[in-house]
Amino acid sequence: QVQLQESGPGLVKPSQTLSLTCTVSGVSIVSSPYYYNWFRQPPGKGVEWMGAISFGGNRDYSPSFKNRTSIARDVFRNQVMLQLRSVSPEDTAVYYCGRSTSLSSRVYDYRGSGTQVTVSS
């Protein structure tokens with residue numbers, strides 16, 4: 001059974017770097033043809049796709065986040081990580097990871113339950 005679970009700090013101070021981890025179980029993150037996406041939903045707003053990493057390690061980022069986002073993976077731990085630099089209160093959101101079968105797809109066959117991140121001093 002495939003499961004994705006996000007984890008990270010619930011509270012981050014402005015200007016700091018947010019680091020989140022998506023732990024994947026039931027499938028290897030290098031298995032084709034899957035992509036692991038990060039997306040978020042700020043309070044009262046729609047879902048924002050942030051970026052993804054492919055089974056082969058290729059990365060793609062939303063232009064809205066490209067300048068301050070990094071996605072990496074740890075194959076041995078079967079984890080996908082997100083870093084978001086220079087956070088502000090506008091980055092307060094529920095952050096999710098989800099698996100898709102193409103880079104352009106925003107349909108996820110598996111996704112985590114999300115982790116709340118609040119940016120506040």
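**The disulfide and the aromatic rings**

Modeller: Cys22 and Cys97 are both buried, where buried means under 20% relative accessible area, exposed means over 50% and partly exposed lies in between, with a 1.4 Å probe and protein chains only. This is a predicted model, in which local features need pLDDT of at least 70 and side-chain atom pairs count only at pLDDT 80 or more, while totals for chains, interfaces and linings use all residues. Residues are numbered from 1 along each chain as its sequence is written, and side-chain values use heavy atoms, with hydrogens and water left out.

Cys22 and Cys97 form a disulfide with their sulfur atoms 2.1 Å apart, a disulfide being a pair of cysteine sulfur atoms within 2.5 Å; by this rule the count comes to one. Strands (E, at least two residues), like helices (H or I, at least four), are DSSP runs numbered from the N terminus. The torsion about the S-S bond of Cys22 and Cys97 is about 70°, and the disulfide is therefore right-handed.

Turning to the rings, a search of the whole structure finds three aromatic pairs. Rings of Phe, Tyr and Trp (its six-membered ring) pair if their centres lie within 6.5 Å, and planes under 30 degrees apart count as stacked, over 60 as edge-to-face and the rest as tilted. The rings of Tyr35 and Phe55 have centres 6.0 Å apart and planes at 80°, so this pair is edge-to-face. Tyr35 lies in strand E4 (residues 35-41) and Phe55 in the loop between E5 and strand E6 (59-61), which puts the two 20 residues apart. Tyr35 is buried, with a relative accessible area of 19%, whereas Phe55 is partly exposed, at 28%.

Phe39 and Tyr96 form an aromatic pair that is stacked, at 5.3 Å centre to centre and with 10° between the planes. This pair links distant parts of the chain, with Phe39 in strand E4 and Tyr96 in strand E9, 57 residues apart. Both Phe39 and Tyr96 are buried, and ring pairs link Phe39, Tyr96 and Tyr108 into a cluster. Arg111 lies over the face of Tyr96, at 4.6 Å from the ring centre; a charge sits over a ring if NZ of Lys or CZ of Arg is within 6 Å of the ring centre and within 35 degrees of the ring normal.
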